[in-house]
Amino acid sequence: MTSQAGSIFLTWENLAFAMPLILLCSFYAYFKYVPLEYGLPILGVLAVIMLIRAQIQKLKNKKLEKLDEDMVRELVGEDDSDDIKKEAEAKKSRQAKARLEQRLAAERKSAAKSQQGKKGKKKKGKDDDDDEDLSAFAKKKK
């Protein structure tokens, strides 16, 4: 036999077919010969370690993606300061527009309420124009 041919028994295909049986036997031996008071905490610690490794891998991937984006920007030659300034100005203008819309809506509401109040007074038939004139001269207490 040549070294390139390898063994006919140790192949990836055979390992894939044998893996369920190997895992079943391993679990049986683990729970049969390792007491539960030691075995379960060990499995818990292994599970936590695997979760931590997965989270660390996600963080590394995010850092790499951000680094890749920064590298692409540098290679393309885009000026980030202009983009940042434009985004900041756009955000400020959106906020200003939102505040203006809120203020206008509040003014419309108050105007509508005052119109309804005036209509109600006129419907009652009372003509109390004097009250409005006196309120202009009233003094506020401090």
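A salt bridge is taken here as a side-chain nitrogen of Lys or Arg lying within 4 Å of a carboxyl oxygen of Asp or Glu, and the structure holds one. The structure is a predicted model, in which local features need pLDDT of at least 70 and side-chain atom pairs count only at pLDDT 80 or more, while totals for chains, interfaces and linings use all residues. Residues are numbered from 1 along each chain as its sequence is written, and side-chain values use heavy atoms, with hydrogens and water left out.

The protein chain has four helices and zero strands, where helices (H or I, at least four residues) and strands (E, at least two) are DSSP runs numbered from the N terminus. The predictor's confidence in each residue, pLDDT, runs from 0 to 100; its mean over the protein chain is 82, and 76% of the residues reach 70 or more.

The salt bridge joins Arg-103 and Glu-107, whose closest N and O atoms are 3.1 Å apart. These two residues stand four apart in helix 3 (residues 80-124), which means that about one helical turn separates them. An α-helix has 3.6 residues a turn, so residues three or four places apart point the same way.

One aromatic pair is counted, under the rule that rings of Phe, Tyr and Trp (its six-membered ring) pair if their centres lie within 6.5 Å, with planes under 30 degrees apart stacked, over 60 edge-to-face and the rest tilted. Because the rings of Tyr-30 and Phe-31 have centres 5.4 Å apart and planes at 80°, the pair is edge-to-face.

For exposure, buried means under 20% relative accessible area, exposed over 50%, and partly exposed in between (1.4 Å probe, protein chains only). The table gives the values for the paired residues.

| Residue | Relative accessible area | Class |
|---|---|---|
| Arg-103 | 44% | partly exposed |
| Glu-107 | 39% | partly exposed |
| Tyr-30 | 21% | partly exposed |
| Phe-31 | 40% | partly exposed |
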